[in-house]
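Student: I am new to this structure and would like a close look at a single part of it, the place where the two chains meet. Could you take me through that part slowly, and then set it in its surroundings?

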Amino acid sequence: MEMKTKIHAEEGKQEIVITRDFDLPLELLFKAYVEPEIIEQWMGTKVKKLENKKHGGYQFETTDPKGNKHIFNGVIHDIILNTKIIRTFEMENTPFAVQLEFLEFEKLTDDTSKLRMHVIYKSIALRDQILKLPFAHGINMAHNQLQEIVDNIK
Amino acid sequence: MNLRRDVFQAIADPTRRAILLLVASQAMTAGTIASNFDTARPTVSKHLQILTECELLTQEQSGREIYYHFNPNKMKEIAEWLIPFAKMWDDRFNKLENIMKKYKSKK
């Protein structure tokens, strides 16, 4: 199935661009980024702090299936209603350096809108490492499933 | 982990990408490949070694010559590694869209 989300990751660059068209009016798309209760639903995270203002901060907390807590935080550099959010993003207690995110919200029609997320990483190597996380996770999952099957045969 | 065998590391280098493009059009010997570059021959050999180690190129002996072939399957693997990352975001955004559609109808 065709994905509505597009990832543009050019070789040898320390940035990526994620774009997505939504069947939602611009105002509702933007709301999903600033209302804590809504963020909690679609990000699957707890919102510990969210200050939607210039130089405000945010902190999210997720709990993985094993019960481990992961905390993400950042600073909101700038926010303009229904237009853009510029913020940093950092995963606490990981070796990954902070990244800079430019989120641009655009009206397409009265009922559709577009999100463009431009993410800049500290280095090319770090970008590639982060992009590979879900891929590596998938391989691990497949490996674990295989291991289980093998264990069951024994 | 042996980084040299990492395909992502291998294609990060512009000369190696140029070599891949060249060999993709036609299998050729190290000498022919090197003649297409200003780079010193041992440097090209080093690049070929890295590309072979990570299976982007395969070697085939033909008489006294060794020909390098492009391995499209390995290249395909690279094109696919980004899919899980895109899928992760796509799932998230689908959820966002569904939640906000309900939110809209509640109003």
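Tutor: In this predicted model, 25 residues of chain A are in contact with 22 residues of chain B. On the side of chain A that touches chain B, at least two residues come from each of β1 (5-8), β2 (15-22), α1 (26-34), α2 (36-43) and α3 (124-153) of chain A. Among these contributors, α3(A) gives the most, with six residues.

Of the 154 residues of chain A, 16% count as buried, and among the contacts in chain A with a separation of 6 or more, 34% are between residues 24 or more positions apart.

Turning to the partner, chain B has a strand, β3 (residues 65-70), that pairs with strand β1 (residues 28-29) of chain B in the antiparallel sense over two bridges, and in this pairing B:M28 stands opposite B:Y68. Strand β2 (residues 57-62) of chain B also runs antiparallel to β3(B), joined to it by six bridges, with B:T58 standing opposite B:H69. The hairpin formed by β2(B) and β3(B) has two residues between the strands, and there B:G63 takes a positive phi near 65°.

Terms used
Residues are numbered from 1 along each chain as its sequence is written. Chains are lettered from A and ligands numbered from 1 in the order in which they are written. This is a predicted model: local features need pLDDT of at least 70, side-chain atom pairs count only at pLDDT 80 or more; totals for chains, interfaces and linings use all residues. Two residues are in contact if their C-beta atoms, placed from the backbone, lie within 7 Å. Helices (H or I, at least four residues) and strands (E, at least two) are DSSP runs, numbered from the N terminus. A residue is buried if 20 or more other C-beta atoms lie within 10 Å of its own, exposed if 12 or fewer, and partly exposed in between; C-beta atoms are placed from the backbone. Two strands pair if DSSP finds at least two bridges between them.
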